[in-house]
Amino acid sequence: MAQNTAAAPAKRKPKKEKRSQFSGMSKALVRRETISAYLFLLPSLIFFVSFVVVPMFICVFYSFTEYGLGGIKGFAGLDNYIKLFNDPIFHRGFLNTVLIVLVAVPTVTAFSLWVSSAIYKMHSVPRSFFRCVFYLPVVTGSVAITVVWKWILHPYYGILNQLTGTKGFDWLGTSSTAIWFIILILFTTSIGQPIVLYVAALGNVDQSLVEAAQVDGATKLQVFWKIKWPQILPTTLYVLVITTINSFQCFALIQLLTKGGPLNSTMTIMYQVYDTAYRLNDLGYANAIGVILAIIIAIFSAIQFKLVKTD
């Protein structure tokens, strides 16, 4: 009995050795996979650092200088930022930009979700057709869409004035209407991607939960709010953030249609960055405006992440 008891621990040692060998092999495998993953990420990481991170630091540095096309003339300190907060054009551009964001983002999100709710139930052919139709403006590009809208809104031969009988009225040349048409055009160019994303998200909703809720007598609104909405919440957050950033960076529409006019009624922060840098040749001040714009976008995005609680 004593010999058997003494021999028992000796039999377990090979198991421990096997376990330690297996643990060492798993660690080596994880290390090898981690290195491979970072090697695959390296090209994108280099691109991101070279064209995003480094220019960000350069922009912040130039915002504290008197910088023009001829080079740096001197160190300005906080003068550019003090000038910015006292600039009435920046104030108007900030209010216009916030108006565009507050109107366009909820409208684009709600309309995209409504259209997607009708599309994803269809058969594959009509579903693909409608996704193609709504995504076409994204593929076509904002410049081409803007040119079409410029023809539609022309004061004399535009189709809108022909239909409304207001020939000669300049919709984009009137302060009270110009900003709303900018928002409308931005809306038409922004709904394509969210619709495609929502169709895919709604198609991945667990149908067994939907059927169980319907059997229990849940209404369509209850099914959507209690079952579908939590499952498409990550897609909603992505749509909100991307649409917010695109709305803050609204530039091509204004450059091609109004150039910030009339009377700065369509001036935005993004267009003021361009106008200050390339028309007024004040790159230091333009970089200061860009830094403030980045901070504003970060604040809005943080608020959205806080409100839309999702992993």
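On a 1 Å grid over the protein atoms alone, a pocket is an open set of points where a 1.4 Å probe fits, with protein on both sides within 12 Å along at least five of seven lines, and its lining residues have an atom within 4 Å of a point. The structure above is a predicted model, in which local features need pLDDT of at least 70 and side-chain atom pairs count only at pLDDT 80 or more, while totals for chains, interfaces and linings use all residues. Residues are numbered from 1 along each chain as its sequence is written, and side-chain values use heavy atoms, with hydrogens and water left out.

The second largest pocket holds about 380 Å³ of space, a volume being the space filled by probe spheres set on grid points that are joined across faces, edges and corners. Its lining consists of 20 residues, and those nearest the centre are Ser142, Leu186, Thr189, Ser190 and Asn246. Two or more lining residues come from each of α4 (124–140), α7 (175–190), α8 (192–203), α11 (233–248) and α12 (252–257); here helices (H or I, at least four residues) and strands (E, at least two) are DSSP runs, numbered from the N terminus. The largest share, five residues, belongs to α11. This lining contains twelve nonpolar, eight polar and no charged residues, where Ala, Val, Leu, Ile, Met, Phe, Trp, Tyr, Cys and Pro count as nonpolar, Asp, Glu, Lys and Arg as charged, and the others, Gly among them, as polar.

The largest pocket has a volume of about 600 Å³. It is lined by 22 residues, of which Cys59, Val273, Asn287, Gly290 and Val291 are the closest to its centre. At least two lining residues are supplied by each of α1 (2–62), α13 (269–278) and α14 (283–307), and α14 gives the most, with nine. By class, 19 residues of this lining are nonpolar, three are polar and none is charged.

Two of the helices at the second largest pocket, α4 and α8, also pack on each other. Their axes come within 7 Å and cross at roughly 150°, with axes taken as lines fitted to C-alpha atoms over the stretch in contact and angles running from 0 to 180 degrees between N-to-C directions. The crossing therefore makes α4 roughly antiparallel to α8, a term for angles over 145 degrees. On the α4 side the contact (heavy atoms within 4.5 Å) is made by Arg127, Arg131, Phe134, Tyr135 and Val138, and on the α8 side by Gly192, Gln193, Ile195, Val196 and Val199. Six of these residues are nonpolar, two polar and two charged.

The strands β1 (residues 65–68) and β2 (residues 71–75) run antiparallel and are joined by four bridges; two strands pair if DSSP finds at least two bridges between them. A hairpin of two residues connects β1 to β2. Across the pair, Glu66 stands opposite Gly74, and Tyr67 has Ile72 as its bridge partner.

The loop between α12 and α13 holds Lys259 and Pro262. Most residues other than glycine have a negative phi, and most peptide bonds are trans. Lys259, although not a glycine, has a positive phi of about 55°, and a cis peptide bond with omega of about -5° joins Gly261 and Pro262.

Technical notes:
Angles under 35 degrees count as roughly parallel, over 145 as roughly antiparallel, 65 to 115 as roughly perpendicular and the rest as oblique.
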